[in-house]
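Try each task before reading its solution.

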Amino acid sequence: MTLASILVPSIGFGLVTASVLALAAVGFTLQFGVTNILNLAYGDLMTAAAYIGYVLNQHGASIVVSLLAGAGFAAVASTLLNRFLFTPFLRRGTQLFGMVIVTLSVGIIVQNIVLAVGGPTFFAYRFSVGATVHPLGFVLTTSQLWIIGLAVVSMVAVQAVLTQTRLGKAMRATAANPGLAQASGIATARVVDLAWLLSGFLCGLAGVVLVLNTTAFQSTTGSDFLVVIIAAAMLGGVGRPTGAMLGALVVGIVTEVSAAYISPNYKEIFAFIVLAIVLLVRPRGILGQESTGEAEVVL
């Protein structure tokens, strides 16, 4: 095969990876944007959501039901974790580094629960990847096209919520200045709960579609994917969902093209090389704005 003949299919695979990554990175950056918590348990919640969907799938549930169940589980779990664990730590004055340790500990606990329940083995959903199609020269399965379509619809919906609804305006106000938002009559606690509910839903969706795309997973799959999620979020500008979408597209294509031309073992390395280059030029990310010294809306 020539180098040119490898490029187009690898870009197609990159679009699939970018779709999974966009769901995860937007959810991750929503959590950070509203509450300033770097949630390192995010990847393990993805795995737990995928495992919930897997259990239902093994008992005869369709992929759609498994997908919704996994997303619903992660949405509720994320909201409860923030309300009853993360928020109390913040109220006691725990700083950013301390919260990183807290979320990391939660991730380890979730990972080990999945390991204890499921065992040290690989799990695979019962589903058909469908026929292979060749749109625009790409080589994709119908299930991969479905993943891309789901990501596009989800991103449009999230963008509409953030820019066209009262909830989105309340989220942006809470992210910019929680005290001022509360003084203006915004129920910031409820807004934070809804933000974590939405971000958790995206986390669950990402967890299920990730393992559908990889066909098999284990208890560490989500945590292994977390580093790429953080890279995409930082690349676009931390706390900016639109930036996370763009960062996911760049990272997804770069990792798959580098895997095709060089080696799959270096996919993550090239993602971080791109991240380092962009941050050298724009330290706040592609869509990040330079600080003005005033509170800024990041959503």
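The exercises below go from the whole chain to single residues.

The model is predicted, so local features need pLDDT of at least 70 and side-chain atom pairs count only at pLDDT 80 or more, while totals for chains, interfaces and linings use all residues. Residues are numbered from 1 along each chain as its sequence is written, and side-chain values use heavy atoms, with hydrogens and water left out.

**Exercise 1. Overall layout**

Task: work out how many helices and strands the protein has, and in which pattern they follow along the sequence.

Solution. Begin with the DSSP runs: helices are H or I runs of at least four residues, strands are E runs of at least two, and both are numbered from the N terminus. This gives eleven helices and two strands. Reading along the sequence, you get α-α-α-α-β-β-α-α-α-α-α-α-α.

**Exercise 2. Size, burial and surface**

Task: compare the radius of gyration of the protein with that of a compact globule, then describe its burial and its surface.

Solution. 
- Step one: take the radius of gyration over C-alpha atoms, and apply the globule rule, 2.2 Å times the number of residues to the power 0.38. For 299 residues the rule gives a value near 19 Å, and the protein has 19 Å, so the two agree.
- Step three: sort residues by relative accessible area with a 1.4 Å probe and protein chains only, where buried is under 20%, exposed is over 50% and partly exposed lies in between. Of the 299 residues, 47% count as buried.
- Step four: compute the accessible area by the Shrake-Rupley method with a 1.4 Å probe. The protein exposes about 13700 Å², and carbon and sulfur atoms supply 68% of that.
- Step five: look at contacts, meaning heavy atoms within 4.5 Å. Among contacts with a separation of 6 or more, 75% come from residues 24 or more positions apart.

**Exercise 3. The rings around Y54**

Task: classify the aromatic pairs of Y54 with Y125 and with F217, and say which parts of the chain they link.

Solution. A pair of aromatic rings is described by the distance of the centres and the angle of the planes. Rings of Phe, Tyr and Trp (its six-membered ring) pair if their centres lie within 6.5 Å; planes under 30 degrees apart are stacked, over 60 edge-to-face, and the rest tilted. Searching the whole structure finds nine aromatic pairs.
- For Y54 and Y125, the centres are 6.2 Å apart and the planes stand at 70°, so this pair is edge-to-face. Y54 sits in helix α2 (residues 42-58) and Y125 in the loop between α4 (96-118) and β1 (132-133), 71 residues apart.
- Check burial next: Y54 is buried at 15% relative accessibility, and Y125 is buried at 7%.
- For Y54 and F217, the values are 6.1 Å centre to centre and 85° between the planes, again edge-to-face. F217 lies in the loop between α8 (188-214) and α9 (221-236), so its pairing with Y54 in helix α2 ties together parts 163 residues apart in sequence. F217 is buried, at 1% relative accessibility.
- To finish, collect the cluster: Y51, Y54, F123, Y125 and F217 belong to one aromatic cluster.

**Exercise 4. Two residues and their neighbours**

Task: is L40 buried or exposed, and which residues does T142 touch beyond four places in sequence?

Solution. 
- L40 is in the loop between α1 (3-35) and α2. With a relative accessible area of 17%, L40 is buried. Leaving out residues up to four places away, L40 touches V100, T103, L104, L226 and I230.
- T142 belongs to helix α5 (residues 142-164) and is partly exposed at 35%. With the sequence neighbours up to four places away left out, T142 touches V129, G130, A131 and V133.

**Exercise 5. Positive phi**

Task: what are the phi values of N36 and L136, and where does each residue lie?

Solution. N36 has a positive phi of about 60° although it is not a glycine. N36 is found in the loop between α1 and α2 and is partly exposed, at 46% relative accessibility. L136, also not a glycine, has a positive phi of about 60°. L136 is placed in the loop between β1 and β2 (140-141), and its relative accessible area of 78% makes it exposed.
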